[in-house]
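Hi,

Here is the model I promised to pass on. Have a look at it first, and my notes follow below.

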Amino acid sequence: SIHKDLEEKIARFHQREDAILYASCFDANAGIFEALLTPEDAVLSDELNHASIIDGIRLCKANKYRYKHMDMQDLEAKLQDAQKHRLRLVATDGAFSMDGDIAPLREICQLAQKYDALVFIDECHATGFLGPNGRGTDELLGVMDKVTIINSTLGKALGGAAGGYTTGPKPLIDLLRQRSRPYLFSNSLPPAVVGCASKALDLLMESNAIAQSMAAKTQRFRSKMTSAGFTISGKDHPICPVMLGDARLAAVMADDMLNRGIYVIGFSYPVVPKGKARIRVQISAVHSDEDIDRCVEAFTEVGQKHGALP
């Protein structure tokens with residue numbers, strides 16, 4: 001009963017008809033495309049989509065199109081080419097985790113409407129903190145009624161332990177309960193995880209204070225780091241990649257930050273493209289303004305020490 005209650009709560013939070021729980025969002029992404037799409041259909045995927053979306057698409061027999069990252073002209077050309085197929089599904093991350101950039105969902109939904117396509121978004125890096133009430137990218141951009149399917153996680157903002165889900169039209173969820181292999185052939189979520197995810201949703205639906213504080217803290221960090229001379233990728237997202245370019249520089253700076261009591265992670269090839277090494281900072285609701293200011297001061301000291309700043 002607690003699992004069914006959580007599914008109902010997820011659907012209510014996203015203002016959708018129904019929801020289905022998985023052990024992880026990786027499983028949710030692995031389970032949807034194969035169940036939904038046939039060789040008569042087409043799926044159009046952003047080239048920088050998360051690995052789990054890519055793997056999920058590989059499992060299905062639909063015709064596959066990959067459009068350039070957030071390039072609406074390329075997506076339109078691919079949609080025109082895909083008109084010969086029975087059903088078209090545009091698949092994109094709502095927020096892209098490595099660069100902190102946000103998909104142009106308004107334009108995607110307009111194109112989907114023009115070419116009679118469905119829209120699928122992965123909201124793992126948006127649920128709980130993007131949008132006025134933390135409902136995600138579709139709320140942030142005002143297209144909640146235009147996005148057909150949402151997959152997201154319980155392992156980040158909504159409890160931080162494990163779990164994922166699909167939410168959308170009830171007939172789709174009914175189909176997934178009968179046909180989605182990761183749902184059928186794996187265990188359900190442990191009760192303790194269900195309990196904390198359910199409480200996280202209660203907190204979000206009671207008040208928008210957490211989501212609003214996240215937006216303010218994100219803005220504080222991004223503006224102060226930019227003023228200090230750093231380049232921060234993405235736009236208004238709590239994932240704040242500090243772009244450094246050099247892999248070794250990212251590693252030694254991250255080590256130096258830890259020596260100052262601040263835990264941040266350096267990313268370099270093959271996780272990101274060569275020449276795009278960065279330290280990825282993630283702002284949390286529990287960070288105080290003092291925490292954020294201390295982090296910026298440490299970055300400035302470390303950056304000057306290692307030649308990342310003048």
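This is a predicted model: local features need pLDDT of at least 70, side-chain atom pairs count only at pLDDT 80 or more; totals for chains, interfaces and linings use all residues.

Residues are numbered from 1 along each chain as its sequence is written, and side-chain values use heavy atoms, with hydrogens and water left out.

Back to Gln219. It is partly exposed at 44% relative accessible area (buried is under 20%, exposed over 50%, partly exposed in between, with a 1.4 Å probe and protein chains only). Its C-alpha atom is 30 Å from that of Tyr67, 152 residues away along the chain.

H10 itself covers residues 209-228, and its 20 residues should span 28 Å at 1.5 Å a residue (the expected span is 1.5 Å times one less than the number of residues). The end C-alpha atoms are 29 Å apart, which agrees. Ala211, Met214, Lys217, Thr218, Phe221, Arg222 and Met225 are buried in H10. These residues sit on the same side of H10, because they cover an arc of only 130° around the axis (taken from the directions from the helix axis to the C-beta atoms). An α-helix has 3.6 residues a turn, so residues three or four places apart point the same way. The cover over the buried residues includes strands E10 (231-232), E11 (239-245) and E13 (277-282) and helix H12 (289-305), with contact meaning heavy atoms within 4.5 Å.

In the loop between E12 and E13 you will find Pro270, joined to Tyr269 by a cis peptide bond with omega about 15°.

Now the open sheet. Seven strands make it up in the order E1-E9-E8-E7-E4-E2-E3, with mixed pairing. E1 (18-22) and E3 (63-67) are the edge strands, each pairing on one side only. The twist averages 20° from one strand to the next (axes are lines fitted to C-alpha atoms, for helices over the stretch in contact, and angles run from 0 to 180 degrees between N-to-C directions). E7 (residues 118-122) and E8 (residues 149-153) are parallel over three bridges, and Asp122 stands opposite Asn151 in E8. Helix H4 (residues 72-81) lies across E2, E3 and E4, at about 160° to E3.

Two loop residues are worth a look. Asp116, between helix H5 (105-114) and E7, has a positive phi near 55° and is exposed at 61% relative accessible area. Asp236, between E10 and E11, has a positive phi near 55° and is partly exposed at 44%.

Cheers

Technical notes. Helices (H or I, at least four residues) and strands (E, at least two) are DSSP runs, numbered from the N terminus. Two strands pair if DSSP finds at least two bridges between them.
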